[in-house]
Amino acid sequence: QVQLVESGGGLVQPGGSLRLSCAASGRTFSSYFMAWFRQAPGKEREFVARVNWNGGSTYYADSVKGRFTISRDNAKNTVYLQMNSLKPEDTAVYYCAAKTESSYLNTVNGYNYWGQGTQVTVSS
């Protein structure tokens, strides 16, 4: 079992950067796959990025590839999402998610644990 709390969202102009953090508490944080999803108003929640147990393997949605970087610090029980070159279409509530099994890693329903979300707004 793990509890997740996101932070770092806010208002940023197009082309700017933000770093989101997800602080985790619970047993054996390093054993969890971690991911970021986002949900824009009126749209389905969508996959953004994920990272494996030790940070050695990452995967990104095509829409953010080359602009976003996911990483984790197991010593701090924290996963990060560095977002660069932000676009207005990146505006959404961003959610941190976790699971232990290596299945449906890009699917909302495949994750067991979720944070409360943090708002990211990209606007000029």
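**Close-up views of a predicted model**

**View 1. Surroundings of Y94 in the predicted model.** Apart from residues up to four places away in sequence, Y94 touches E6, L20, W36, F37, R38, V48, F68, L81, M83, G117, T118 and V120.

**View 2. The largest nonpolar core.** This core comprises 36 residues. Y94 is among those with the most contacts inside it, together with M34, W36, L81 and M83. At least two residues of the core come from each of the strands β1 (2-7), β3 (18-26), β4, β5, β7 (68-73), β8 (78-83), β9 (92-99) and β11 (118-122). In soluble globular proteins, nonpolar side chains tend to be buried together.

**View 3. An open sheet of four strands.** The strands follow the order β1-β3-β8-β7, and their pairing is antiparallel. β1 and β7 form the edges, each pairing on one side only. From one strand to the next, the twist averages 15 degrees.

**View 4. The pairing of β3 with β8.** Six bridges join these two strands in the antiparallel sense. L20 stands opposite L81, a residue of β8. Both L20 and L81 are also touched by Y94.

**View 5. The loop residue A40.** A40 lies in the loop that runs between β4 (33-39) and β5 (46-51). Beyond its neighbours within four places in sequence, A40 is in contact with T91 and A92. The C-alpha atoms of A40 and D90 are 8.3 Å apart, although 50 residues separate the two along the chain.

Note on methods: Residues are numbered from 1 along each chain as its sequence is written. This is a predicted model: local features need pLDDT of at least 70, side-chain atom pairs count only at pLDDT 80 or more; totals for chains, interfaces and linings use all residues. Side-chain values use heavy atoms; hydrogens and water are left out. Contact means heavy atoms within 4.5 Å. A nonpolar core is a set of buried Ala, Val, Leu, Ile, Met, Phe, Trp, Tyr and Cys residues joined through side-chain atoms within 4.5 Å. Buried means under 20% relative accessible area, exposed over 50%, partly exposed in between (1.4 Å probe, protein chains only). Two strands pair if DSSP finds at least two bridges between them. Axes are lines fitted to C-alpha atoms, for helices over the stretch in contact, and angles run from 0 to 180 degrees between N-to-C directions.
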